[in-house]
Amino acid sequence: MARVYNFSAGPAVLPEEVLREAAEEMLDYKGSGMSVMEMSHRSKVFETIIEDAEQDIRDLMGIPDNYRVLFLQGGASLQFSMIPQNLMKNGVADYIITGQWAKKAFKEAQKYGKAVAVASSEDKTFSYIPDCSDLPIDDDADYVYICENNTIYGTKYKKLPNTKGKTLVADISSCFLSEPIDVTKYGLIYGGVQKNVGPAGVVIVIIREDLITEDVLPGTPTMCQYKIHADAKSLYNTPPAYGIYICGKVFKWLKAKGGLEAMKEYNEKKAKILYDFLDQSKLFKGTVVKEDRSLMNVPFVTGDKELDAEFVKEATAAGFVNLKGHRTVGGMRASIYNAMPIEGVEKLVKFMEQFEEAHQ
């Protein structure tokens, strides 16, 4: 069977070259006589895999030496509690609510201290990013938290909030490695890799060294302490070894493609094809204000639930899969991550044109 165009929000499309390479190495990784799935995480071979992966992501993102890169487990959702457990020294944190994941992180933080929602776009179903130029940042806030790209709602911060000198913490799960990023503007950034970087099961945390201390909230589990993982170079316990190996391959693929500048250009080109069509379509319309549109996740609707369902059904039959919008929003959503080829977007638009003609 031919491969489909997979528009899933995550687990999502991976580069075909990476999958083929992994398939070739499945039974015998570089003459070791075994698969990466089978080898000890304490072995020299795996040590090289994880060290290379770290070096490559450092090169791609320009990560300074005073930041640590951790390959962890528990997905982005575990970070919702790890962040306050490790960073809430004064017991206060400010959160900007731009979607479901920021909201969940905010609710989790309330278990550990005083979490304050300093801005929100919930009033208009998270269809925009609030003005963050002059927020009521708490004097005692340990950090300001954002979800930079909102997978469900298709919004993206184009300008980072003014945190008034407080540490910025960002969930970048769905825009991870999609464009260049100035790491020094953040104290901590993290992302579940299953959207734009690798298979489900790995979360990458990039954290400034001064934030890694033994001074964590009382009762914080050992596995939830950044210092434990940093000291053990992400090998405190058995890591998601195969997932890290695939991430490493994706990093090499990105480098070969010209790095994050080239990726941004490619992603802008892809997104423009889809947004340009939505802007002139009489049947389909985008749901996000233009200036806050994500390059990665594009939600759209026809305005008729039955027609939306019909579109998803026909698209699936035509080989465009996972276009159904998140249950909280309905409609459709095309996630066009790094590994989605431009022809996938072009063909989708062509299909949408035909659907529109047939249903006018």
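Strands are DSSP runs of at least two residues, numbered from the N terminus, and two strands pair if DSSP finds at least two bridges between them. The legends below describe close-up views of a predicted model.

**View A. Strand 8 and its pairing with strand 5.**
Strand 5 (residues 143–147) and strand 8 run parallel and are joined by five bridges. Within this pairing, Tyr 145 is the residue opposite Val 169 of strand 8.

**View B. Strand 8 and its pairing with strand 9.**
Strand 9 (residues 188–192) is connected to strand 8 by three bridges, and these two strands run parallel. Asp 171 has Tyr 190 of strand 9 as its bridge partner.

**View C. The side chains of strand 8.**
In a regular strand, side chains alternate between the two faces of the sheet. Thr 167, Val 169 and Asp 171 point one way from strand 8, whereas Leu 168 and Ala 170 point the other way. Because five of the five residues of strand 8 (residues 167–171) are buried, the strand is largely enclosed by the rest of the structure.

**View D. A nonpolar patch on the surface.**
The patch is formed by Met 26, Leu 27 and Met 37, which together have about 330 Å² of accessible area. Met 37 belongs to the loop between helix 1 (16–25) and helix 2 (44–61). With a relative accessible area of 53%, Met 37 is exposed, since the term applies to values over 50%.

**View E. The largest cavity.**
One cavity of 30 Å³ or more is found in a search of the whole structure. The largest cavity holds about 30 Å³ of space. Its lining includes Val 13, Leu 14, Pro 15, Lys 195, Asn 196, Val 250 and Trp 253, together with Tyr 337, Asn 338 and Ala 339.

Terms used
Residues are numbered from 1 along each chain as its sequence is written. This is a predicted model: local features need pLDDT of at least 70, side-chain atom pairs count only at pLDDT 80 or more; totals for chains, interfaces and linings use all residues. Side-chain values use heavy atoms; hydrogens and water are left out. Buried means under 20% relative accessible area, exposed over 50%, partly exposed in between (1.4 Å probe, protein chains only). Helices (H or I, at least four residues) and strands (E, at least two) are DSSP runs, numbered from the N terminus. Patches are made of residues with over 30% relative accessible area and no salt bridge: like charges are joined within 9 Å, nonpolar side chains (Val, Leu, Ile, Met, Phe, Trp, Tyr) within 5 Å. Accessible areas come from the Shrake-Rupley method with a 1.4 Å probe; for residues, only the protein chains shown count as cover. A salt bridge is a side-chain nitrogen of Lys or Arg within 4 Å of a carboxyl oxygen of Asp or Glu. On a 1 Å grid over the protein atoms alone, a cavity is a set of points where a 1.4 Å probe fits but cannot get out, and a pocket is an open set with protein on both sides within 12 Å along at least five of seven lines; lining residues have an atom within 4 Å of a point. Grid points are joined across faces, edges and corners, and a volume is the space filled by probe spheres set on the points.
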